[in-house]
Number of protein chains: 2
Amino acid sequence: MAVELDSITQLQPVAGVKLATCAAGIRYADRSDLVLISLDKASTTALVQTQNRFSAAPVQIAARHFNIAKPLALVINAGNANAGTGQKGVDDALECCALVAAALDLLPEQVLPFSTGVIGEHLPIDRFRDAVPTLAKGLDRHHWVEAANAIMTTDTVAKGESVQVKIDGQLVTLTGIVKGSGMIHPDMATMLAFIATDAPIAQPLLQQSLELAVDRSLNCITVDGDTSTNDACSLIATGKCDISPIVDNRDPRYKKFQFALRDLISTLAKNVVRDAEGATKFVEINVSGADYDACKSVANTIALSPLVKTAIFASDPNWGRILAAVGRAPISSDQIDMHEVSIIINDVSIVQAGELVSDYHEADGQAAFNCTNLKIDVRVASGNKLATVWTSDLSHDYISINADYRS
Amino acid sequence: MAVELDSITQLQPVAGVKLATCAAGIRYADRSDLVLISLDKASTTALVQTQNRFSAAPVQIAARHFNIAKPLALVINAGNANAGTGQKGVDDALECCALVAAALDLLPEQVLPFSTGVIGEHLPIDRFRDAVPTLAKGLDRHHWVEAANAIMTTDTVAKGESVQVKIDGQLVTLTGIVKGSGMIHPDMATMLAFIATDAPIAQPLLQQSLELAVDRSLNCITVDGDTSTNDACSLIATGKCDISPIVDNRDPRYKKFQFALRDLISTLAKNVVRDAEGATKFVEINVSGADYDACKSVANTIALSPLVKTAIFASDPNWGRILAAVGRAPISSDQIDMHEVSIIINDVSIVQAGELVSDYHEADGQAAFNCTNLKIDVRVASGNKLATVWTSDLSHDYISINADYRS
């Protein structure tokens with residue numbers, strides 16, 4: 001079960017975006033697994049994708065189409081990643097786009113395909129042929145929650161968020177959904193996320209806005225260090241809100257929008273960690289004192305240490321494992337001074353100046369580790385940058401989920 | 001239980017090396033946890049230690065003493081790492097050496113201390129005061145197996161190996177013992193290992209010999225990616241065998257010795273993996289086609305992927321996870337050509353030219369994954385270097401061992 005997180009039941013619609021879902025029978029019985037999203041013709045779209053070299057066929061086709069035409073539809077399936085599927089996988093992804101294009105009277109290049117699920121199996125393309133025409137008839141602006149449910153794989157709760165912000169006296173809406181639970185590591189989007197706003201924002205400013213927000217949100221979470229072949233995050237701006245277009249990153253309205261976007265994507269990112277496979281705890285790791293990249297490297301080393309993660313699962317205040325992880329982080333020696341290292345967990349100071357705090361009591365450490373939400377603050381030197389990474393613990397259920405079920 | 005590995009019951013003594021063990025009550029009840037090793041005065045010694053920045057007090061003192069004097073005694077305790085213990089930890093390590101020096105009539109600088117166990121607790125130094133004088137009286141050349149037992153922490157079997165090789169018509173003996181089970185990753189010795197030979201080998205040739213052998217053995221195993229604060233491997237050459245000293249690396253006798261040493265240390269290294277925490281399978285990963293460092297990086301990425309490790313635990317031929325791990329390995333793009341990638345598991349060809357082999361049958365993959373010993377051969381491009389990494393699967397027992405017990 002997700003860590004202090006319930007399935008969403010309500011999201012704000014975004015003018016200019018319509019969604020439809022259905023149970024196409026791609027992998028799962030008795031649940032929706034296919035989503036169609038159509039966009040108003042005036043929309044601009046931004047896209048970031050996995051950096052994994054073995055990108056799936058839909059990732060390749062989405063990138064190609066994104067460079068050719070303005071996207072006006074997205075088609076997403078869960079249960080099958082269409083990855084490692086060779087030329088037939090590419091042909092299948094192209095046919096998905098062609099089916100959507102035919103149903104919505106678009107060019108195939110105006111359609112972006114997304115897939116998530118098992119790697120190495122071919123898409124049951126006949127199921128798409130049956131489902132897409134029906135889907136196209138069910139498009140509705142109120143189907144965000146249904147879409148959040150339909151894109152789930154090992155997720156245990158449907159995840160999404162809406163934010164509203166006043167710009168030029170108008171209420172601007174941002175709504176996003178996300179799926180992701182395992183195979184999560186900061187190397188781009190590390191899951192599927194779809195966000196839309198009715199603000200009018202020009203491309204490439206929208207692209208810049210998305211990349212900035214992702215860099216400090218989705219790219220700052222890790223569950224198991226494994227990056228997916230299928231990750232993608234797309235941001236759509238329909239421009240339906242009645243304000244003049246935002247085209248410049250010096251525009252104060254852009255800063256306001258960017259702040260709201262980062263807030264929204266951070267919530268989506270943290271909710272992915274709360275729903276991490278087998279998670280029983282939610283952990284925020286703040287590392288300060290070195291440059292940003294070094295701080296993030298130390299934070300990731302702690303976040304990915306199986307020994308740290310199992311100690312957190314066990315509520316065992318075994319801080320030595322955190323110290324050992326800091327000690328092996330792959331950063332240059334001028335970024336860390338072991339005589340300045342400090343570790344504070346949920347406000348309990350455990351290590352100062354590289355040594356155990358003299359009046360530290362294990363009972364205090366125990367109380368901190370007993371919490372469901374852990375905040376680990378590590379200082380590695382006297383610099384002034386800080387990086388934050390969110391992660392989960394490593395539990396028996398992580399093993400069960402990934403050993404007993406082909407996800 | 002260890003994967004197809006039993007506790008050793010016999011090891012060849014090495015002339016010039018005597019050992020003693022006792023139950024000093026450092027952490028465990030009813031078992032030996034303290035080892036003393038004394039060396040003949042003519043011995044040369046080589047030493048490699050952890051690269052973790054937070055090296056434990058005994059690691060620091062061993063390095064200091066090693067640079068000052070020729071080692072003539074080693075003292076090793078299990079159950080307490082004396083790491084993260086500040087100045088008192090350093091003082092305790094120094095006192096251990098002084099106690100041994102007094103008992104054996106040596107300088108404290110001629111003693112190397114080693115500790116393994118829980119991080120962040122002070123050594124019960126009074127137990128050492130009681131035990132060391134008695135230990136010194138029990139020294140015997142036949143106590144190698146007892147020593148292998150006494151240095152264990154979460155190890156389930158005592159691990160060691162003897163090799164004999166004829167040089168100049170004389171039988172040269174090499175005997176080594178090792179402890180290590182978790183917190184294992186190639187970043188130096190990644191455990192404690194003590195090896196002795198009666199061959200006469202000059203320092204620094206002995207040091208070079210050890211570093212070369214460790215680089216392709218102990219530095220090629222990984223269990224969980226966590227490096228210890230206390231790792232060390234020491235190689236002793238007593239010179240008691242009746243051949244003339246080996247002082248030059250062009251000496252053909254050196255090559256013969258080096259071959260035997262690498263063979264011995266590789267066995268020790270692989271046995272650590274067979275006894276890895278929670279291991280149910282032993283996995284050899286061979287990556288070829290790029291330069292050595294890139295091959296090793298890909299091999300480590302596969303070896304450390306929790307998703308690959310859980311699939312192996314489950315005997316699930318989920319080869320897509322291996323492909324995804326190859327795709328995210330941190331190597332430069334000129335070292336990999338995804339259209340040349342191949343994956344063969346226990347001689348079952350699964351991926352060729354970056355795609356699923358057309359006549360691959362899941363039943364064949366299943367048969368390969370059902371094996372207790374897995375060999376994963378990955379080719380990433382057309383280069384001619386190869387790197388091998390040995391690892392284990394990730395099981396429920398790994399979680400239990402590290403969550404339920406403070407190791």
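I began at Val178(B), and found that the residue opposite this valine is Ala193(B), in strand β8(B); since I am reading a predicted model, I take the pairing as a computed one. Widening the view, I noted that β7 (residues 170-179) and β8 (residues 192-197) of chain B run antiparallel and are joined by six bridges.

I then asked which order the strands take in the open sheet of chain B. The sheet has five strands in the order β3-β10-β8-β7-β6, and the pairing along this order is mixed. At the edges I found β3 (44-49) and β6 (159-167) of chain B, each of which pairs on one side only. From one strand to the next, I recorded an average twist of 10 degrees.

Next I looked up the helices that lie across β3 and β10 of chain B, among them α1 (residues 57-68), which runs at about 145 degrees to β3(B). Helix α5 (residues 205-215) of chain B also lies across β3 and β10 of that chain, but I noted for α5 an angle of about 40 degrees to β3(B). The residues of β10 in chain B are 232-237.

For its pairing, I found five bridges between β4(B) and strand β2 (residues 34-39) of chain B, with the two strands running antiparallel. Within this pair, Leu36(B) has Val75(B) of β4(B) as its bridge partner.

Technical notes:
Residues numbered from 1 in each chain as written. Chains lettered and ligands numbered in written order. Predicted model: local features only at pLDDT ≥ 70, side-chain atom pairs only at ≥ 80, totals over all residues. Pairing = 2+ DSSP bridges. Helix = DSSP H or I, 4+ residues; strand = E, 2+ residues; numbered from the N terminus. Axes fitted to C-alpha atoms, helices over the stretch in contact; angles between N-to-C directions. Contact = placed C-beta atoms within 7 Å.
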